[in-house]
Amino acid sequence: MVNFEQSKGEIDRVTESLSQLSKIDSPDFEFLLSLIARDAWERRNTNSEYGPHKAMKLIRESRLGSILLPIEFGGIGVSIRDLFYVVVKLAEADPDVAHILRSHYRRVEQLVREGVEEGENRKLIQYVADGLIFGSAFTEISSHHVGKLVFDTTITEDDDVYRLNGTKYFTTGTLYADLVTVAASTLDGEVISATIPTNRNGVIIEDDWDGIGQKYTASGTTRFLNVLVHKEEIDTTKKNKTPFNSFAQLYLQAVIAGILRSVLTDASNLVKNRKRTFSFAAAELPKEDPQLLQVIGEISSIAYTAETLVLTAAEAIDNASKSAINGVIDYDLSHHASLLTAQAKVIIDALALKASTLLFDVGGASATKQSVHLDRHWRNIRTLASHNPAAYKARAIGDYIVNGKKLPLDEVYF
């Protein structure tokens, strides 16, 4: 996919045209992906600790973050299914960049679903149309159960404005974002959210994520120290906009599906380029060895299965989102989308980890050299799969199939 021989002049000239990006799978879109992949390759092969700031700059300039918006509001009106296809392709180019945009696309989907009437939503949609990126600050390291609407972060009224105080963790992508949506509790215990600029005084984003994978997503700490919040920046709509959180959950599977594309490419290249084989090999050249070709076929089938499951579940999310009335999604359609998303996760997590291990079966000992970075696929997949453990999903699916018990509701509402 990537031509690493592009001159800097060519890159600069084409980059200037990316703001004219009009549809997915256009030449401009493919070249944008090649620039992002090149940036990831260069940082990886120079052992750079510098995150994908260049790639995120390209995302802004191309306004790729606006593609869900209707055409009349500055987007290209893609479906949710097509958006997930874009995420898969982005993750193939750079899984960190794709993951960074998770909160952004989730927020944009919500804004589109709720409508674009005048007011704060209209203002936020204009930000998206202009290329700005959303981050989020939801999770806290505390004794409260994950997913429950209980926060130690507070928002308090201060004359005609508000003040935000607290510490969040797993704030993926916020380091690269222009705006951040923060969940907080009032003194009365009510949970509300506010969307504020990331460069506002008192917002401190720490690049302290030390996970084994998705290393450059900045999934660490964001602190809010007496941060000013204007009344119009507070989301006054209440929870239960959607009973389930399948969009955010399936998004991670889409990133894994994109990584599997890269696993297949790397495995194929290993077999094509190897000259030496083993004494027990079935052929003189690895590329003619039926056993190695069988492994490649298995990896290819896993990659195909993962992407197909993601896009099938994304269609269900699309149908559910289109059913929304005043931003509230039909319960049954939302549950169906959540079921398909959970089923996809159970299968994709297991098969993806298997594929990232099979990769080493076709490469020999040289494939384990740190300089070729092939371990990154397993580490990234393992990190992504650790969100929402598959065992809980499988148990909930089984309870639904056998006993008719619906999947648990998700209290997250923005």
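Over which residues does the pLDDT stay under 50, with 14 contacts beyond four places in sequence? Residues 13–20 are such a stretch.

**Figure 1. Overview of the predicted model and its confidence.** This is a predicted model, in which local features need pLDDT of at least 70 and side-chain atom pairs count only at pLDDT 80 or more, while totals for chains, interfaces and linings use all residues. Residues are numbered from 1 along each chain as its sequence is written, and side-chain values use heavy atoms, with hydrogens and water left out. The pLDDT is the predictor's confidence in each residue, from 0 to 100. Its mean over the protein chain is 88, and 89% of the residues reach 70 or more. Residues 1–8 have pLDDT below 50, and this stretch has 16 contacts in the model beyond near neighbours in sequence; a contact means heavy atoms within 4.5 Å. Where pLDDT is low, the predicted coordinates should not be read in detail. The protein chain holds twelve helices and eight strands, taken from DSSP runs (helices H or I, at least four residues; strands E, at least two) and numbered from the N terminus. Of its 414 residues, 52% count as buried, a term for under 20% relative accessible area, with exposed meaning over 50% and partly exposed in between (1.4 Å probe, protein chains only).

**Figure 2. Strand β3 and its two antiparallel partners.** Strands pair if DSSP finds at least two bridges between them. Strand β2 (residues 154–158) runs antiparallel to β3 and is joined to it by five bridges, with Asp158 opposite Val161. Two residues lie between the strands of this hairpin, where Asp159 takes a positive phi near 60 degrees. Strand β7 (residues 222–229) also pairs with β3 in the antiparallel sense, over six bridges; there Arg223 is the bridge partner of Thr167.

**Figure 3. Surroundings of Thr174.** Thr174 sits in the loop between β3 and β4 (179–185). Thr174 counts as buried because its relative accessibility is 0%. Its side chain reaches the backbone oxygen of Ser136 at 3.1 Å. Beyond neighbours within four places in sequence, Thr174 is in contact with Gly135, Ser136, Val180, Thr198, Ile205 and Thr222.

**Figure 4. The nonpolar cores.** A nonpolar core is a set of buried Ala, Val, Leu, Ile, Met, Phe, Trp, Tyr and Cys residues joined through side-chain atoms within 4.5 Å. The largest has 84 residues, and those with the most contacts inside it include Ile59, Phe84, Leu90 and Leu260. Helix α8 (residues 246–273) gives the largest share of this core, 14 residues. A second, separate core of 15 residues includes Ala137, Val203, Val227 and Val229.

Figure 5. Helix α10 (residues 331–361) has 31 residues and spans 45 Å from first to last C-alpha, close to the 45 Å expected at 1.5 Å a residue; the expected span is 1.5 Å times one less than the number of residues. Asn403 belongs to helix α12 (residues 390–403). Asn403 is exposed because its relative accessible area is 56%.

Conventions: A polar contact is a pair of N or O atoms within 3.5 Å; within protein, one must be able to donate a hydrogen and the other to accept it, and residues adjacent in sequence count only if both atoms are side-chain atoms.
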